[in-house]
Amino acid sequence: MDKSFINDFNNIISYISPRIHMYLKKMSEPMIENIQEIRLRADRPVVIVTPTGSSFLTLSGKTSYIYSSNCVISSENEIVDTVNKMCGYSMHSHYEDIMNGYITLPNGSRVGICGTAVYEKEKVKSIKNISSINIRIPRTVQGVSEPIFNVVYKGKLKNLLIVGPPSSGKTTMLRDLAFQLSSGRMGKYYKICVVDERKELFPSQQDIKNLGPNTDVLLGFPKGKGISMAVRTLSPDVIICDEIGTPQEASEVLNGVNCGTKFALSIHAENVNELKNKRVFKDFFELNAIDKVLFLSDASNPCKISKIIKADEVFNENNSYSYDFVNLHTNVADTCKAN
């Protein structure tokens with residue numbers, strides 16, 4: 001039983017409106033350890049998401065896959081109260097994040113926000129009538145990146161792209177990879193730079209202190225700007241960055257590769273077919289910027305690697321996979337899923 005995770009969970013739910021918080025506090029520790037998301041919707045039931053799917057929080061602090069009068073219903077006022085508390089009662093100070101549809105809590109948990117867009121001169125200027133929020137529960141699982149060292153690096157750094165759908169474990173994998181590379185896992189304390197725009201990888205100063213002895217963190221910088229700064233001023237061996245998605249970000253990665261820096265990146269895609277249709281990956285492929293592509297499974301099996309292939313095999317109709325992961329990392333995947 002991971003006590004530190006339980007403590008983090010209790011800290012996250014402390015932001016939630018008191019009545020709903022009371023029911024969440026009733027949940028058992030085994031149930032808490034599997035939670036991936038908490039979803040609050042105005043005048044609808046509180047939803048708990050785990051690897052097995054979505055269920056409803058009940059008045060007894062348990063969960064049910066059946067929607068009934070025993071479910072905990074969240075009100076619009078409770079959602080607004082929760083968001084205000086998450087913003088430190090200063091939504092203006094979180095303006096930029098809210099305009100992008102989320103708030104990041106101090107522990108790195110991202111809270112997605114839904115509501116009504118307010119436009120000014122054809123641009124979204126604010127969000128009103130907040131109707132729902134999605135609280136994602138982050139995890140740190142040391143050792144989960146071990147297959148990367150055994151299969152991808154093999155004693156030599158490579159440019160790596162981690163691919164998977166939402167909640168498949170991309171951020172968890174990158175977080176552990178940064179720690180391992182900086183801590184001498186390959187017999188050398190590599191200079192690592194983490195570009196963490198949304199403060200999800202290492203959100204607090206305490207997290208930064210615990211990510212290895214040779215790691216720098218650019219926290220809150222836009223990814224493209226952060227990558228450019230790192231290449232110019234920090235001479236990193238490896239830059240680690242989550243959720244690459246824009247042409248400008250890809251351009252800065254390509255510039256870094258040309259300067260001799262290695263990268264470990266992630267991108268959203270369900271499978272090979274979806275990945276090869278993404279403009280960012282096409283740019284990487286055409287300029288030979290990625291060596292290996294690691295595919296994660298899905299939200300029901302977080303951190304489980306389905307396959308690792310060479311970048312040029314993404315466009316190979318036969319998809320000749322470079323390794324079979326059926327039996328390679330069962331223990332690591334189970335550990336991630338349990339935690």
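At 51% relative accessibility, Cys259 falls in the exposed class. Keep in mind that this is a predicted model. Cys71 sits at the other end of the scale: with 5% relative accessibility, that residue counts as buried.

What about disulfides? The count comes to zero. Take Cys259 again: the closest cysteine sulfur belongs to Cys193 and lies 14 Å away, so the pair is too far apart for a bond. A disulfide would need the two sulfur atoms within 2.5 Å.

Now for the empty spaces. Rolling a probe the size of a water molecule over the atoms shows where empty space is left. Across the whole structure, the search turns up two cavities of 30 Å³ or more.

| Space | Volume | Lining by class |
|---|---|---|
| Second largest pocket | about 180 Å³ | five nonpolar, three polar, three charged residues |
| Second largest cavity | about 70 Å³ | one nonpolar, no polar, eight charged residues |

The second largest pocket has 11 lining residues, and those nearest its centre are His94, Asp97, Thr104, Leu105 and Lys199. Helix α5, covering residues 95-99, gives the most to that lining, with three residues.

And what lines the second largest cavity? Its lining includes the charged residues Arg110, Asp196, Glu197, Arg198, Glu200, Lys223, Asp242 and Glu243. Val195 is also part of the lining, and Val counts as nonpolar.

Terms used: Residues are numbered from 1 along each chain as its sequence is written. This is a predicted model: local features need pLDDT of at least 70, side-chain atom pairs count only at pLDDT 80 or more; totals for chains, interfaces and linings use all residues. Side-chain values use heavy atoms; hydrogens and water are left out. On a 1 Å grid over the protein atoms alone, a cavity is a set of points where a 1.4 Å probe fits but cannot get out, and a pocket is an open set with protein on both sides within 12 Å along at least five of seven lines; lining residues have an atom within 4 Å of a point. Grid points are joined across faces, edges and corners, and a volume is the space filled by probe spheres set on the points. Helices (H or I, at least four residues) and strands (E, at least two) are DSSP runs, numbered from the N terminus. Buried means under 20% relative accessible area, exposed over 50%, partly exposed in between (1.4 Å probe, protein chains only).
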